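Work through the exercises below with the sequence and the structure at hand. Try each task before reading its solution.

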Amino acid sequence: MDKTSHRHRKLVVAATFAALILLLAIHVFWLFKAARLEEQIFNQRVAIALKEARDEVAVRLVQCIQMNEYLCGKQCAHDVAHNKRAELDSIIHSRLEINNIHLKYWFEINHAHLSSATDKNNCYYQSLSGLLPTDDIHIKVQFPDRSRYVMAQLGGLFVASITFIFLVAISFVVMLRLYHREKLLMQQTIDFINNMVHEFQTPLANIRLATSMIKKRIAGDAKNEEYIQIVQKEHHKLQGHIDKILNVAALGQNNNATEPVDLLQLTRDAADNFRPRITALNGTIGFHYQGTNFILKGNYELLETAWNSLIDNAIKYSPDNVEILLCLTEENGKQTFIVEDQGIGMSTNETKRIFDQYYRVSSGDIHNVKGFGLGLYHTWQIISAYEGKIKVESTLGKGTRFIIEFNQK
Ligand code: ADP
């Protein structure tokens, strides 16, 4: 049982790490995709701006012959060329601004056949064909900070998402370490309780011996006999609790120790052991069985603890009418043990949680039986250790039925 949960834990840790790495990869993938999209949008805006600039150049060309000469690369006075370049610069600048591009740029008038392949990747061209006598003239624009601008658009998002993923990973590791520390602490507490409980065994044995000696000596003294009976009863209770704890500890340490256990004998013995207590409460305990093969590979003491726990609960939670029925059946290798009572019962919500450790149905107006909410949890542990199943059917105010099943096939 422990090995399986250890393997499950390892699987969960591995799966969480794999999921985190995958999440990181998906994030990076989406960020690159977003960067490419951002670049495309930028390219489109530049193309629109340059197209608008071309239209404006067309208007200027009609009004100004010098612009024509400048664009065709004809020799003209230095200040004329300078002025026309400034005019073209202002046209391009205003169109870029209108299209929301506020980046540094430079431009030149170029012949298409002169531009290199690398130029084509980084530059934007606007052909002026149709406006000038020569056809292959175009405006070439370059933005030196284009990549930085695109990355800046996504930078905040990128840093934030990577930071969050790392935060999740770190908190996961911290949680894991805390969990291991808690587990260690729990193990130490369990070891301490087990050792302490072992220490109770000797004084208890001495008390039992002493009380039986006293009982012999005071034979006939009714008052003292009554006191001794109280001591013996309380001793018996204490011994029962200690045995329970030790059995559970044994389950945790050595759940593989198995021997053939006769469930028929076990159930008969359990019914016989509980009968005096039930009779004293004016109740009844019935037992019937059907089938032949009641041998189960398990541990007698542990299975006895599970059986006793269910019968004990049936008595405890039947305050008015202790009517208990035990039923054992075997069919095609499937062994079923049922404990049925007509006690206080439980609601469906409660039945879902009663096998949880420390869970008790809130006593308030329902019952005032003392307990720790451990009996059914331990019973579930024992049954699970032998690959059995335990379930409960209950109706509030009518009674409860616990069903244990082992499939030997
Ligand atoms: P404890 O009896 O010590 O509280 P258990 O684990 O044995 O712990 O039981 C958990 C809870 O399940 C109990 O508090 C009780 O309310 C409910 N319960 C168990 N058995 C019965 C039953 N036969 N009838 C009604 N309620 C039950």
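The exercises that follow concern a predicted model.

**Exercise 1. Decide whether asparagine 68 is buried or exposed, and find what it touches.**

Solution. 
- Step 1: Locate the residue. Asparagine 68 belongs to helix 2, which covers residues 65-72.
- Step 2: Apply the cut-off. Buried means under 20% relative accessible area. Asparagine 68 has a relative accessibility of 18%, so it counts as buried.
- Step 3: List the contacts. With neighbours within four places in sequence set aside, Leu61, Leu132 and Pro133 are in contact with asparagine 68.
- Step 4: Look at the rest of the helix. The buried residues of helix 2 are Asn68 together with Met67, Tyr70, Leu71 and Cys72.
- Step 5: Go past the end of the helix. Glycine 73 follows helix 2 and has a positive phi, near 80 degrees.

**Exercise 2. Describe how helix 2 and helix 3 are placed relative to each other.**

Solution. 
- Step 1: Two packed helices are described by an angle and a distance, both taken between their axes.
- Step 2: Read them off. The axis of helix 2 and that of helix 3 (residues 78-98) come within 10 Å, and the crossing angle is roughly 90 degrees.
- Step 3: Classify the angle. Angles of 65 to 115 degrees count as roughly perpendicular. Helix 2 and helix 3 are therefore roughly perpendicular to each other.
- Step 4: Name the residues in contact. Helix 2 contributes Gln66, Met67, Tyr70 and Leu71, while helix 3 contributes Val80, Ala81, Lys84, Arg85, Glu87 and Leu88.
- Step 5: Sort them by type. The contact of helix 2 with helix 3 has six nonpolar residues, one polar and three charged.

**Exercise 3. Find the surroundings of histidine 288.**

Solution. 
- Step 1: Locate the residue. Histidine 288 is part of strand 5, residues 284-290.
- Step 2: List the contacts. Beyond neighbours within four places in sequence, histidine 288 is in contact with Leu325, Leu326, Cys327 and Leu328.
- Step 3: Compare sequence with space. Arginine 268 is 20 residues from histidine 288 in sequence, and their C-alpha atoms are 9.4 Å apart.

**Exercise 4. Which residues come nearest to the ligand, and which atoms lie by its oxygen atoms?**

Solution. 
- Step 1: Of the 20 residues around the ligand, the nearest are Asn313, Tyr317, Asp341, Arg360 and Leu376.
- Step 2: Take a side chain. Tyrosine 317 has a polar side-chain atom 2.7 Å from an oxygen atom of the ligand.
- Step 3: Take the backbone. A backbone N or O atom lies 3.2 Å from a ligand oxygen atom in glycine 373, and 3.3 Å from a ligand oxygen atom in glycine 375.

Key:
Residues numbered from 1 in each chain as written. Predicted model: local features only at pLDDT ≥ 70, side-chain atom pairs only at ≥ 80, totals over all residues. Heavy atoms only, no water. Helix = DSSP H or I, 4+ residues; strand = E, 2+ residues; numbered from the N terminus. Buried < 20%, exposed > 50% of the residue type's maximum accessible area, 1.4 Å probe, protein only. Contact = heavy atoms within 4.5 Å. Axes fitted to C-alpha atoms, helices over the stretch in contact; angles between N-to-C directions. Parallel < 35°, antiparallel > 145°, perpendicular 65-115°, else oblique. Nonpolar A, V, L, I, M, F, W, Y, C, P; charged D, E, K, R; others polar. Near = heavy atom within 4 Å. Polar contact = N/O pair within 3.5 Å; in protein donor to acceptor, adjacent residues only side chain to side chain.
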